[in-house]
Each structure stands twice: as C-alpha cells, then as structure tokens.
Amino acid sequence: MKLASLRNGHPDGQLVVVSRDLTRYAEAGDIAPNLQTALDNWADAEPKLQALSDAVNDGSANTEAFDPAKALSPLPRSYQWADGSAYVNHVELVRKARGAEMPETFWTDPLMYQGGSDAFLAPQEDIPLADDSWGCDFEGEVAVITGNGPIGIGADAAAEQIRLLMIVNDVSLRGLIPGELAKGFGFFQSKPQTAFSPVAVTPDELGAAWDGRKLSLPLVSHLNGDKFGEPDCGTDMTFDFGELVAHLAKTRPLTAGTIVGSGTISNKLDDGPGKPVSEGGKGYSCIAEIRMIETIYDGAPKTPFMTPGDTIRIEMFDKNGDSIFGAIDQKVVRHSA
C-alpha cells in the first residue's frame, strides 16, 4: 500500500491511502489521524489500512484525485531522522573533494548522523537558500521507516521492523561542511531541512526489487530538467538497511516512526568513480560527486552548486516505467530573514 500525509492545517497532516498509480486517494482518519499514530499502533492499523488500500485500487472505495502538490512528506516531522552513508564510494569521493583521507574502518563500520526532524520540507516545497557561498547541493537517497525494537537489536531482526520506504532529498550545504566538521562535533547548520517523496510504500509494493534489506532499482534525478543520475540503489551498497538500523540501535531503543536513510546513492564504473549520464555512465545523486570527478580529470570543478532558480527532481520507477513514490520536485529560492 501507499500512504501519504495531506495538508490540513495540522503539523502532522491528514493520513490518506493512495492508489498504486498515484492518481486517487481515500482518507484514513477513521483508522489513524496521521501516519505516526498508525505506526505507533501498527499491528492494529496495518490490516485496516491494507483493506482500504485494496478498496482504493479495485475502485470500491470513495476516492478523490491525488495531487502531490498538496502532500507533505509522509512523516511531516519525526521523532528521529538518522542518515547513514551506505555507499562508501560516495564517502570516499566527497572526502577527497575536501582533502580528507578516508579511514579503512569506513568499509566495516557505518557512518551515521542525526538530522533535524522537527519540520521536513514537503516533496514539492521550495528549498530556501540565504547565501550562495553555502554551496547548496541535493542528495538522492532511499529511506526506511521503522517500527519498535530493543537496544542492541541485530541486523536480521532490525530488517523485520522496516514498515515503509521512501525516497529522499537530503539537502546539504557543502560550503559549511568543512568548517563545521573541523570543530569535531558533526553536522548541524550544513544539513538543513530534508524532503521526502509524496508517498511512503510498504515493502510488498516493490516486488522482487526489494530483498528485505536492499532496494535494487535506479534512482533518477534531473537537475534543471537534464538527467543527472540514475545509479542503481542495490549496487555498491556496502551496508544494507538491516545493518544501518541495527547500527542506530546499538546504544538506544528503536522507536516507531524512526527514519533511517541510505546516504547518497553512488555507483562505481569499472572500479572507478563513475561517469556522467551524458557520457554513458550512471551519473550521480549529488553535485559534489561530479565536482570531484571534474577535479580528478580536469584539475578543478566546473559544475556549480545550486543557486536560486535551479530545480531538482528525484524519482524512482518500477520495471514498467511507473513512478513508485511520486516525485520530489523542488526549486531553490532566495531566503531572507
């Protein structure tokens, strides 16, 4: 089933069930007023939501046209948003871009940071930018939403707590990252509001593309209308979602509604850093990677970071070419306090 949160004046939105083709929806308020409540009571809510989903898809439910512009992120706010870095190729490239060496432990111990989760951007909401020198970048990712689990939960058990999947634009301000990390205290100002897809889907909607711990489909991004990347999410994923969720829960309990991101999707090419789509490669899921490639081959980066007026669209399609999650479709705008 596919779930969304529509604007209704409340910070958590109105929970709705969306048709598989993303054209219709039915309100689910009599089951749960919002997605967090449904996740808190998943054993009771899930079968009722599934029954409503079946009715939406077979045409027997009372539905209305689904407009993704009216959708918030599926969880408009969350108790916890933790982003991993499962694609170590990406980590290696962006660290090189700022002159930092990559420890060998990065191949065996996941990186993860805890991002701001009090107010996510909607999937079609503008990205505010106050200063171009901050280096606004997009990061295309996949994320899971979990149920509950104990401290120290193992990877297999953690994977069983994956309730829903989404795609992500984890906005990064590259110009602020080096100085912030130099303080030795992690990301904060360099990681502004994140946006998620219009709908979150249950794993069964993904068919054979989901093996219980990895999603093997391309994540397609268009920067200013031009295809920028289409790397496969199941390729070069060093840490799967079971491992990422277990890493999060090593010293803290896993709570319903926790969002765990994969990190930027990144594929190698012939054991190299990859090529742009325009050159026959899979491209990239962030600007920082192509800038690193340009530095390697040309001595300096030439692709600029996003500035006001630039647009980014991130989407995933099934084997029939149909959109699974709907599109994250955003524009960078000038922000002034």
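## Buried rings

A residue counts as buried when its relative accessible area is under 20%. By that cut-off, F120 and F196 are both buried in this predicted model.

The structure has six aromatic pairs. One of them joins Y113 and F187 edge-to-face, with 5.1 Å centre to centre and 75° between the planes. Y113 belongs to strand β7 (residues 112–114), while F187 sits in the loop between α5 and β13, so this pair ties together parts that are 74 residues apart in sequence. Are these two residues buried or partly exposed? Y113 is buried, at 14% relative accessible area, whereas F187 is partly exposed, at 26%. F187 also has a charged neighbour: the charged end of K191 sits over its ring, 5.1 Å from the centre.

Now back to F120 and F196. Their ring centres are 4.8 Å apart and their planes lie at 75°, so this pair is edge-to-face. Here too, distant parts of the chain are linked: F120 is in the loop between β7 and β8, F196 is in strand β13, and 76 residues separate them. With W81, F120 and F196 make up a cluster linked by ring pairs.

## An enclosed strand

Next, look at strand β10 (residues 140–146). How many of its seven residues are buried? Seven of the seven are, so β10 is largely enclosed by the rest of the structure. In a regular strand, side chains alternate between the two faces of the sheet. In β10, one side carries G140, V142, V144 and T146, the other carries E141, A143 and I145, and both faces are covered.

Which strands pair with β10? Strand β11 (residues 162–169) runs antiparallel to β10 and is joined to it by seven bridges; there, A143 has M166 as its bridge partner. Strand β17 (residues 259–261) pairs with β10 in the antiparallel sense over three bridges, and V144 is partnered with V260.

In β19, D329 stands opposite R313.

Helix α7 covers residues 287–298. At 1.5 Å a residue, its 12 residues should span 16 Å, and its end C-alpha atoms are 16 Å apart, which agrees. Among its buried residues are I287, A288, I290 and I293, as well as E289 and E294. After α7 comes G299, whose phi is positive, near 90°.

Technical notes. Residues are numbered from 1 along each chain as its sequence is written. This is a predicted model: local features need pLDDT of at least 70, side-chain atom pairs count only at pLDDT 80 or more; totals for chains, interfaces and linings use all residues. Side-chain values use heavy atoms; hydrogens and water are left out. Helices (H or I, at least four residues) and strands (E, at least two) are DSSP runs, numbered from the N terminus. The expected span of a helix is 1.5 Å times one less than its number of residues. Buried means under 20% relative accessible area, exposed over 50%, partly exposed in between (1.4 Å probe, protein chains only). Two strands pair if DSSP finds at least two bridges between them. Rings of Phe, Tyr and Trp (its six-membered ring) pair if their centres lie within 6.5 Å; planes under 30 degrees apart count as stacked, over 60 as edge-to-face and the rest as tilted. A charge sits over a ring if NZ of Lys or CZ of Arg is within 6 Å of the ring centre and within 35 degrees of the ring normal.
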